[in-house]
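Here is a short tour of a protein model, one region at a time. Have the structure open while you read.

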Amino acid sequence: MNYVFMTDASCDLTQELINEIGVEVLPMEFHMEDKSYLHYPDCRMMSLSEFYDKLKGGVDSKTTQINYDSFYKSFENYLKAGKDIIYTGISTGLSGTYNTCMMAVKDLQNVYPDRKIIVIDSLCDSAGLGLLIYLAGKKYSEGAEIDELREYIEETRVKVCHWFVVEDLDHLKRGGRISAVSATFGKALQIKPLLSVDDEGRLVNVAKIRGKSNVVPSLVKHLERDAEDLKNSVVMIAHADNPEGAEELKKAIKGKCKEIIVTSIGPVIGSHVGSGMLAVLFLGARNLKS
C-alpha cells in the first residue's frame, strides 16, 4: 500500500483484530500511583486485569491526550518513507486530541508538501471508534485507495451507534457527567445510566436502567430498534472487566446478526467509566430516544 491507516489506542480493539486489518495504533497515556504508562492494544505496560484490580482497589487513574511531538514523530516516520497517511482517532466531543493532531499536520505539510495527510474526526468514542476502524480496516486491507477510504469513513462515522451501561457511577461523577447526589441515589437504588453518543461525538445520558437484570434486554432492544440491516451486520460487544455481562449479551444477540466481535475496554476509556461497563456497537441510525 502507498499509504498508512492510523488510529489511537482509545479504539479498544484487541491486538488480534489490529493485526487482521493492518492498522497502525498510536499509544495513549494514563497515570496511576504517580507513574505514567502508555496503553497499546497488546497491553504491554499494564495488563487490563491489573488495571481494573487497581481501579477497584481505589487507585485513581487519569488520562492525557496524545501530544504534538508524538503525532509529529509518528507521522514523519511514514512521510519520510514516501507514504501518505489517513488518521482517525477519538472524537473531538470527548478529547482535544484531534486539534493537537491538526497542529502537527499543518507543520508536517510544510516540510512534506508532496505527501497527503488526511485527518478525520471520527465522531465516535471507545469501541464505537473500534467498530469504525475495524470496518474501514477491512477495506484498507482489501486494497482500497486512500480517497475511497476517506469517503467510507466520512459516510460511516455518523452511522455508528453507541449504547452502553455503566456500573460504577463514581467515575462518571468524578468526570462531571453526573452529580454527586445522582451517584449516591443511583447506587442505593441500583440505577444504572444508559449512555450514547450524539452526532457531534459527545457523550449523552439517555435514560436510567433499574436493576442489573434489565441491562442486557435494554441493550438488545436498542440494537434491534436502530440497527441497519441487522441480519447482515457486524455487531461489537465491549466490556470493562465484565466478561460475564459480555457473554450474556453475546448469547442474547447470537443469531440476529452476521458477526459478533467481543473486545475489552482499555485504560484510556476505563479510567472514565470504571469497572463493569457493558456496551453494544453497530451501524444504524443514531437515535437518542430511550
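Which residues does Ile86 touch, not counting residues up to four places away in sequence?

## Around Ile86

This is a predicted model. In it, Ile86 touches Tyr3, Val4, Phe5 and Met6, and also Ile118, Ile120, Ile146, Leu149, Arg150 and Ile153, leaving aside residues up to four places away in sequence.

Nonpolar side chains tend to be buried together in soluble globular proteins. Here the largest nonpolar core has 74 residues, and the members that touch the most others are Phe5, Phe75, Ile86 and Tyr87. Helix 5, residues 126–141, gives the most to this core, with nine residues. There's also a second, separate core of 23 residues, with Leu219, Leu249, Cys257 and Val280 among them.

## A look at helix 9

Helix 9 runs over residues 215–226, twelve in total, and spans 17 Å from its first C-alpha to its last, close to the expected 16 Å. Its buried residues are Val215, Val216, Ser218, Leu219, Val220, His222, Leu223 and Asp226. What covers them? The cover for these buried residues includes strands 8, 9, 10, 11 and 13, along with helix 10.

Most residues other than glycine have a negative phi. You'll find Asp12 in the loop between strand 1 and helix 1, and it is buried, with a relative accessible area of 3%.

Asp229 also has a positive phi of about 55°. Asp229 sits in the loop between helix 9 and strand 11. Is Asp229 buried or partly exposed? Asp229 is partly exposed, at 46% relative accessible area.

Technical notes: Residues numbered from 1 in each chain as written. Predicted model: local features only at pLDDT ≥ 70, side-chain atom pairs only at ≥ 80, totals over all residues. Heavy atoms only, no water. Core = buried A, V, L, I, M, F, W, Y, C linked by side-chain atoms within 4.5 Å. Buried < 20%, exposed > 50% of the residue type's maximum accessible area, 1.4 Å probe, protein only. Helix = DSSP H or I, 4+ residues; strand = E, 2+ residues; numbered from the N terminus. Contact = heavy atoms within 4.5 Å. Expected span 1.5 Å × (residues − 1).
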